[in-house]
Amino acid sequence: MTMALAIVFAVLLLALDPVSGDTNITVGFISNYCAIKYLVFNGSLATNATPFYTPEVINVNGNSGWTYYSELAVLAAIDHANSNPSILPGVRVHLKRFTDCGEFYPEADAEYYGKSAGFAAAITATDIVDVHKDVLGVVGNEFSLTAKGIGQILSNAQIPYCATATSSSRFSDKNKYPYFWRVFANSRSQSLAALISYWKVKKVAIIYEKDDELGFAALRAMKTSLSERKINIVSITGLNPDLDTQAKEMMNTTLHRTDIRYILVLGQPYFVRSILLTREEMRLSGPRYVWVVNNGFITDPGFDRARLQGVIGPNVCQDTDLMERVRELQEDVSRRALFEIPISNFIEMSVQNIYDCTLMMLVGFSKLRVDPVALSRREFQDKMNFTLFQDLNYSGYSDFGKLTLNEEGNAQIPVCFASMTKVAGEDILFARTDKAANQIVQYDLSLRIFPGNSSIIPSDGLIEIFSFGYSLRNSEGIAIVCLSVVGLLASVAGALFLHKFQKSAIIRASCLPEMLLICFGCLCAYAALLLFVGIPTSTVCNSRIFLLLLGYASITIPLVCKNLMMRWLFGQESSRKIEAIRRAKAVHRFSGITAAFAYLAVSVLSIEQLKLAPVEVLDVNESYVMCAMKVSRLVAPTYVLYISTGILWVAVVVAAIMSTKVRLIEYNETNQMVLVALFSGIMFVLIKAMAAAPNRLSDFKVCVIIWITTTVILGTMLGGRVVDVMQHHFSEQHSYPTSAYDCHNSRQSSSALNFSPRKSIKMYSFRILDKGAKICVFKIKRRGIGRIFEKWMRGITSFHSLGSRKWICITTLQKSHCIVIDDATVMTCTSSSVEIQGSLKIKMQLDDDAACQLFLDDLRGAIKDVESRDDNWNMPDIVAGCI
């Protein structure tokens, strides 16, 4: 009975503690525990820690907060591993805390900055290696100076060490530190040099922390990186964090004497801060100076951050998807603390890195797939150098994607850069390197990151920069305004002309509503030019694009719809019923309206997604503002806009091809559509080509290209019709009586003819010239700019004579084109075409040379017949009058 109870009791214990049979291993965490009160120390081992936040103990902006937040992340990673059966099955992971700066002392929270390398090497390293032999690996966020000795001792003892803040390039030497690795890109000097090279800066000054491991290491790496990019270091100044008057005076004299504009500060956070706060005192602040730092720091809540506005340094790349995951980790850590940790502190202290360090180490142990007991006895430490953790197929919180290490044991992740603002946590991220940190791959030119709230890269002192913009004070601005005004007047005049002569057969054939829309589209394009004058804003940038897209749609959609309608109406031999014509007309116009609304809706969505904004650009020594996209990659509505714009262009080409089947020349707009497609395509290509290499005249060239294209389209669509209508209008005025008085007198004289004797009148005769072709293709040749209004037409050719007067007429459905034949008339036949030059110059295109010769023989025969006759014939009186 007693035995049975004992068995039941043992089973209950196992049920309550399901991991009691697991093998135990330990991960060590090294940090600044000398800044946290109420801990109990046994050598370097710190105990009596609590995960709950206590304001009297933890200062969120001090070393205590730095250590506390990181410890919570380590605990979260250990819990994640213990709850995941795929990571170290049969193993229970525990945590031990080690101080690298001794026991608690009050000044450590604010004043400790790594000056305890002796304690860390002599006490902490010895405890981990010889006393706490259950510790298989270590994670830490130590200062570089502190980690120098302990890192080498742990590597000699084959204990892996993952660091999250130890930035010295010393630790990339795998001969001395083969078991040391990092989950951040230890390439800040290299990435800063890449940024300075991207700015095309040729000379800099360096201020470094001379009594610190990080300062010396950063200086060595920076000198190498700048030398590779042929950037001159004008001065190098080594200082201590506690700046005295003499040190300030030396720095002030050196920097002013060299007239340097770009100043690099290399060192620990406290050193960087102390140097930056002396800028105003040394008169080295303002728009002329750019301060670049290799290390960030956390400011106290009451600190005036305006004093640091415009300071540039590396920062965490805050990709949207990655930041969502980081916020999840921040919420998890906050739940453990029973306190909401500010996300800005969480990110600035890189707490997510310590989580990745811990979990990657445990995943690496699991990758060995060895006996847990042998693992816990340190029997496989020789397999735990940094190569074990190089590629674990691990996705964490330090980078979006798989986290891998390079050959120096550093994480291969991009470095981002930010400009400090007045508000903590709202620094402006503006640039990103590639994963090797060798070059800048993303840079937002629209962001105002420099002192003076400017986005233009300041001069390094070799040249002076002047501002430039289009206005009525320079020739480019005046030219843009003049071109725009001329275009606007031409568009309005064209619309008024169409309205005035809307009853003309030529205007009716062109479809008045569609022509008015084309004039409106040209009006929008010309109006967009005015928005290139002055300094653009985001609203102006968006309005430019919208007006141009509106103009493009107003030109192409009506042009396509009406020509497709004409193709349907005249493209076949069979006639159409009036009801079918009306229905087709309504369908085509409704389709056009629908397409226009859909295109404009896509345009508005795309403009909103593109986030166009003014960007300052440097051209030699002149800065100017141009519009650019704020997004680094195209979004879905933008792709739809490009596709729909291309579809409209293709529709114009297709409509032009289909319109070749329209036989009535008055309704055939093939030539006009070809020109619209050609010039709009060329305009798009030229504008895109100039966007690849912008300069201060880029926008002016864009304006000229838009004006030429729009003017050609307006002239092509309207110019020829204006000429034809005006010619027809003036010919009518000369053909009919101009007043009632003229008509009355005409009737009186005609009445008198009834009683007069017979009089001699001239003989009128005519002949159809159809031996060369029944219907000829011809055009009226014009001079100068009038050539753009030339168009091919179809008509019937006839010869006319009245007494000694002779002329040729080519009659179309709309009007007749006549040319007088006299001794000065020149008629030639070349390459299947006939040219007749007299009062007009007409070119006729026939089938071949034989047809040309037949036509000329027919014409010459008609002239000969007339000349052989007697001009005077006695004919009865003719009664004339006004009708």
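**View 1. The disulfide of Cys809 and Cys818.** Cys809 and Cys818 are joined by a disulfide, with an S to S distance of 2.1 Å. The model shown here and in the other views is predicted. The link of Cys809 and Cys818 is right-handed, with 100° about the S-S bond. Cys818, at 33% relative accessibility, counts as partly exposed. The structure as a whole holds five disulfides.

**View 2. Cysteines Cys522 and Cys703.** Cys703 counts as buried, at 1% relative accessibility. Cys522 is likewise buried, with a relative accessible area of 0%.

**View 3. The disulfide of Cys34 and Cys101.** The sulfur atoms of Cys34 and Cys101 lie 1.9 Å apart and form a disulfide. This pair links distant parts of the chain, its members being 67 residues apart. Cys34 belongs to the loop between strand 1 (23-31) and strand 2 (40-42), whereas Cys101 belongs to the loop between strand 4 (91-99) and helix 3 (108-111). The link of Cys34 and Cys101 is left-handed, with -105° about the S-S bond. Cys34 is buried, its relative accessible area being 0%. Cys101 is buried as well, with a relative accessible area of 9%.

**View 4. The disulfide of Cys162 and Cys357.** A disulfide connects Cys162 and Cys357, with an S to S distance of 1.7 Å. Distant parts of the chain are linked by this pair: Cys162 is in strand 6 (residues 161-163) and Cys357 in helix 12 (residues 351-368), 195 residues apart. Because the torsion about the S-S bond of Cys162 and Cys357 is about -80°, the disulfide is left-handed. Cys162 and Cys357 are both buried.

**View 5. The β-α-β unit of strand 10, helix 9 and strand 11.** Strand 10, helix 9 (residues 269-276) and strand 11 together make a right-handed β-α-β unit. Strand 10 (residues 262-266) and strand 11 run parallel and are joined by four bridges. Within this pairing, Val265 stands opposite Val293 in strand 11. In strand 11 (residues 290-293), the side chains of Val290 and Val292 point one way, while Trp291 and Val293 point the other way. In a regular strand, side chains alternate between the two faces of the sheet. Val290, Trp291, Val292 and Val293 are all buried.

**View 6. The surroundings of Tyr177.** Tyr177 is placed in the loop between strand 6 and strand 7 (180-182). With a relative accessible area of 0%, Tyr177 is buried. Apart from its neighbours within four places in sequence, Tyr177 is in contact with Lys148, Gly151, Gln152, Ser155, Arg170 and Phe171. Gly151, another of the contacts, is 26 residues from Tyr177 in sequence and 6.8 Å from Tyr177 in space, C-alpha to C-alpha.

Note on methods
Residues numbered from 1 in each chain as written. Predicted model: local features only at pLDDT ≥ 70, side-chain atom pairs only at ≥ 80, totals over all residues. Heavy atoms only, no water. Buried < 20%, exposed > 50% of the residue type's maximum accessible area, 1.4 Å probe, protein only. Helix = DSSP H or I, 4+ residues; strand = E, 2+ residues; numbered from the N terminus. Pairing = 2+ DSSP bridges. Right-handed = clockwise from strand over helix to strand, strands pointing away. Disulfide = S-S within 2.5 Å. Contact = heavy atoms within 4.5 Å.
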